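User: Could you walk me through this one? I'll ask about bits as they come up.

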Amino acid sequence: MPHIQMRDPEENHVISREPLKASMNLKKSSRRIPKIEDSLEVSKKGEVMRNGKRRGKGNKVDRLQGTKLESTLSSATPCKNLMFHGRPDYGQLGTKCMVKANHFLAEIPGSDLSHYSVKIEPEVTSPRVNKAIMIQLVKLHRNSDLGMRLPVYDGGRNLYTAGSLPFTCKEFTVKLVDGDEATGIVREQMFKVTIKFEAVASMEQLRNLVSGKQVDCPQEAIRIIDIVLREIMAQRYIPVGRSLYSSNIKKPMSIGGGLESWRGFYQSIRPTQMGLSLNIDMSTTTFIEPLPVIDFVAQLLGKDVYSRPMSDADRIKVKKALRGVKVEVTHRGNVRRKYRVSGLTTQPTRELIFPLDEHMNMKSVVEYFQEMYGYMIQYKHLPCLQVGNQKKVNYLPMEACKIVEGQRYTKGLNEKQITSLLKVSCQRPYDQEMDILQTINQNGYDQDPFAKEFGITIDSKLASIEARVLPAPWLKYNDTGKEKEFLPQVGQWNMMNKKVINGSIVRYWACINFSRNVQDSSAHDFCQELVQMCQICGMEFNRDPVIPIYSARPDQVKKALKYVYHAASTKLEGKELELLIAILPNNNGSLYGDLKRICETDLGLISQCCLAKHVSKISRQYLANLSLKINVKMGGRNTVLLDALSWRIPLVSDIPTIIFGADVTHPECGEDSTPSIAAVVASQDWPEVTKYAGLVCAQPHRQELIQDLFKSWQDPQQGTVAGGMIRELLLSFKKATGQKPLRIIFYRDGVSEGQFYQVLLYELDAIRKACASLEPGYQPPVTFIVVQKRHHTRLFPSNHNDRSSIDKSGNILPGTVVDTKICHPTEFDFFLCSHAGIQGTSRPAHYHILWDENNFSADEIQSLTNNLCYTYARCTRSVSVVPPAYYAHLAAYRARFYIEPEASENAKARCTRTTNGSCVRPLPALKERVKSVMFYC
């Protein structure tokens with residue numbers, strides 16, 4: 001088992017702390033790193049409590065006792081009493097400015113609420129039906145049995161009131177009229193509803209939290225306020241997750257294929273420093289157009305279906321699109337019965353017959369509609385819709401059905417539809433702000449009967465907040481270029497007069513052209529232009545490919561790659577091909593993914609793909625971007641923070657520090673068996689912290705905790721063997737730098753607030769175990785930061801006309817940071833808009849420091865995070881998410897292409913059992929040469 005050889009920190013390096021004081025971005029007083037006893041208090045029950053206090057000054061690096069944390073964390077997995085790291089202070093660095101946020105102050109009731117349980121018999125699984133039953137009950141009994149109370153109901157087992165009801169337990173009988181989706185017949189059903197007092201729902205803890213007291217987050221109290229504010233909205237609008245939609249908010253826009261975009265809004269109640277806040281944001285999603293079914297089918301297929309029969313492929317496509325969709329009949333005048341589509345007939349309507357009675361007297365569908373309804377079916381060549389269940393299937397001609405309005409489309413969109421949807425939803429900051437204010441006014445919370453009942457008031461003005469714009473960092477480029485150092489302006493710059501700081505060397509390369517539309521001469525000219533651009537940027541790049549440009553068909557990708565690889569190896573007499581340039585058709589289906597999988601897991605070859613449209617029309621900007629990607633893929637560096645080279649980054653430059661990024665990507669909706677993919681990247685250079693090696697693994701479907709951070713198993717010869725992604729990346733850091741990491745900074749992407757406890761406990765424990773497996777007592781201090789982009793906080797300029805406070809797109813300036821008012825009342829979090837807007841309204845990243853044994857001040861972690869955003873390798877812009885988290889996302893996305901097709905014969909034999917018993921087929925391993933570089937860029 002490999003070990004990191006531990007030495008005293010002073011033996012590894014001797015660094016004066018004086019330069020830290022002269023940092024270009026920060027001033028920092030050194031602090032000692034706390035021992036584990038400083039960080040945790042362990043109760044008799046094994047509960048973990050965070051002190052959340054700043055410690056005294058000093059310059060000693062104490063070794064942390066990993067064994068104690070390991071046992072504490074593993075015993076604390078179900079524990080609810082873990083306190084996240086408290087806010088140490090507020091940031092002061094940067095130019096102060098005012099911004100507005102889409103948060104509206106909410107005043108909550110002073111008194112406690114009452115909680116009742118609800119039991120409905122016969123049991124109903126649909127929250128929508130449950131709510132309809134409760135609405136009917138309140139309508140009938142509010143003025144009598146409910147004592148004038150107006151309760152709110154969650155659609156399940158919980159009902160809340162602003163005061164006590166006149167009973168502790170009571171039964172009600174409710175009649176509900178509803179349509180049967182199988183038969184279309186309207187029916188009445190009786191329900192017995194039992195309402196029983198459960199407990200007093202206390203608001204005290206919520207009031208304590210928003211006043212800044214250190215208490216556990218009262219999720220139940222927040223949930224009740226949320227239910228109250230959604231009650232009337234859910235009756236007016238169509239709820240989809242946390243958002244509410246209506247065709248009346250804005251006119252729906254067609255996006256093609258029988259679909260349209262609906263405007264809606266997201267609504268959520270949040271505890272913040274200014275009090276309880278209602279977060280309102282605009283949202284857009286896809287609904288099925290309420291068209292006649294035959295018109296929908298024509299749009300879906302993009303062809304004439306009125307006169308031509310449908311192919312089998314078209315029929316399957318239509319069946320998939322319409323299954324589960326609700327339709328209403330149009331051939332019966334005012335009788336508009338509704339049905340849910342279960343399938344499509346294989347035969348055209350003219351051939352369909354069905355048994356008319358139990359004596360199996362048969363009748364054709366065409367005759368039946370003519371005799372029964374006097375309706376002559378026009379399009380007899382088309383199949384019929386099947387509605388109802390398997391026992392009794394009903395046939396409905398497409399032309400006699402219309403799609404019911406208000407049905408969300410949940411399947412995948414094509415590229416054209418995605419583009420149309422983005423165009424509709426993309427709004428400039430001013431327009432988005434106006435729409436949010438209009439939504440607040442339209443919702444009329446001051447007139448909401450439920451809000452009034454519970455004593456909740458909502459302010460109608462956006463929250464005004466003091467923010468700060470952090471300074472951009474100086475970047476270092478190669479001394480051979482005209483511009484050796486550069487200070488970016490407004491989050492963007494270019495490579496003119498600059499050379500990459502560490503240019504890679506490409507001696508042996510080849511090119512495959514998979515596009516029939518690109519001539520060999522065009523491919524040759526493009527490659528020569530690309531080589532020249534790489535040389536201009538500071539790389540050493542051989543002008544000539546090892547073998548002539550090879551043309552191949554897209555369906556022969558494996559054969560072509562192996563031919564070129566082996567032909568080059570033969571010519572090079574044992575030396576290996578280093579880089580493959582691949583020209584792909586503009587629409588290339590699975591070609592890109594197949595090429596990446598074969599190159600990275602089979603051949604160990606770095607590749608750069610280019611679309612045919614860019615090859616035919618060469619742009620220097622495009623070539624410059626490609627050269628940046630090629631340089632880092634081949635092991636070079638594009639730029640480095642000047643402060644890093646001059647040892648001036650607080651809590652990074654003083655001792656060897658490794659920065660991790662981690663993310664888990666999940667399969668799209670509807671893919672029930674595909675595994676989730678976890679990716680972890682880690683910096684491999686210090687003090688530069690610019691190069692990141694990446695590892696990927698498959699794990700159970702929708703599993704958010706990263707399973708392979710650390711693992712151990714029993715080997716017959718070696719005994720207990722340790723492995724996992726953290727351990728491997730720590731070892732590669734030691735190999736690359738000659739130093740062991742003495743500090744860990746871990747940026748974790750993709751975690752929702754409800755998973756904070758679980759992810760921190762499990763993954764911090766795995767980090768500890770990985771460190772301890774390398775050497776007993778090796779426990780570098782860890783800072784664990786969750787990065788969130790899928791939130792709904794938006795920041796707007798205080799004055800949209802003030803050109804000095806906005807960028808070209810009308811958004812707030814890059815580097816804008818907020819850690820007051822709309823942030824958590826007690827925990828350590830901040831919003832950072834580190835990028836310049838391109839179009840639409842910029843979304844700041846939300847950083848939540850869950851655990852911090854390095855004792856970062858607010859200025860230190862905010863400035864480090866902002867500065868790192870300028871080191872992203874793929875473009876000359878500061879990016880919206882800290883690069884290690886961004887790279888982890890790219891690596892996880894890339895690994896989706898490594899998943900082998902399900903048809904593999906011995907798939908089950910190769911699957912691995914996880915701790916919870918599920919079977920996951922491991923991804924093919926990355927070749928050593930690939931995983932040491934930034935292959936995912």
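User: Is Phe354 buried or exposed?
Analyst: Phe354 has 18% relative accessibility and so counts as buried, where buried means under 20% relative accessible area, exposed means over 50% and partly exposed lies in between, with a 1.4 Å probe and protein chains only. This is a predicted model, in which local features need pLDDT of at least 70 and side-chain atom pairs count only at pLDDT 80 or more, while totals for chains, interfaces and linings use all residues. Residues are numbered from 1 along each chain as its sequence is written, and side-chain values use heavy atoms, with hydrogens and water left out.

User: How many aromatic pairs are there in the whole structure?
Analyst: The search finds 28 aromatic pairs, counting rings of Phe, Tyr and Trp (its six-membered ring) whose centres lie within 6.5 Å, with planes under 30 degrees apart taken as stacked, over 60 as edge-to-face and the rest as tilted. One of them joins Phe354 and Tyr368, whose ring centres are 5.3 Å apart with the planes at 85 degrees, so this pair is edge-to-face.

User: Which elements do those two sit in?
Analyst: Phe354 belongs to strand β17 (residues 353-355) and Tyr368 to helix α10 (residues 365-373), so the pair ties together parts that are 14 residues apart in sequence. Helices (H or I, at least four residues) and strands (E, at least two) are DSSP runs numbered from the N terminus. Tyr368, at 22% relative accessibility, counts as partly exposed.

User: What about Tyr550 and Tyr563, what sort of pair is that?
Analyst: That pair is tilted, at 4.7 Å centre to centre with 35 degrees between the planes, and it links Tyr550 in strand β29 (residues 550-551) to Tyr563 in helix α15 (residues 557-572), 13 residues apart. Tyr550 counts as partly exposed at 28% relative accessibility, and Tyr563 likewise counts as partly exposed, at 44%.

User: And which residues do ring pairs link into a cluster?
Analyst: The cluster consists of Tyr692, Tyr872, Tyr886, Tyr887, Phe935 and Tyr936. Tyr887 and Tyr936 turn up again in the largest nonpolar core, which has 94 residues and in which they, together with Tyr747 and Tyr847, touch the most other members. A nonpolar core here is a set of buried Ala, Val, Leu, Ile, Met, Phe, Trp, Tyr and Cys residues joined through side-chain atoms within 4.5 Å. There is also a second, separate core of 60 residues, whose members include Leu165, Ile222, Phe265 and Ala451.

User: Switching to strands, why is β19 largely enclosed?
Analyst: Strand β19 (residues 383-388) is largely enclosed by the rest of the structure because 5 of its 6 residues are buried.

User: Which strands does β19 run antiparallel to?
Analyst: Strand β16 (residues 338-348) is joined to β19 by 4 bridges and runs antiparallel to it, with Gly343 standing opposite Gln386. Strand β20 (residues 393-397) is also antiparallel to β19, through 5 bridges, and in β20 it is Asn394 that partners Val387. Pairing requires that DSSP finds at least two bridges between the strands, and β19 and β20 form a hairpin with 4 residues between them.

User: Where is Ser504, then?
Analyst: Ser504 is in the loop between β25 (485-486) and β26 (505-506), and at 5% relative accessibility it counts as buried. Beyond its neighbours within four places in sequence, Ser504 is in contact (heavy atoms within 4.5 Å) with residues including Met539, Glu540, Ile630 and Met634.

User: Last one, how many residues of helix α22 are buried?
Analyst: In helix α22 (residues 858-868), 11 of the 11 residues are buried, so the helix is largely enclosed by the rest of the structure.
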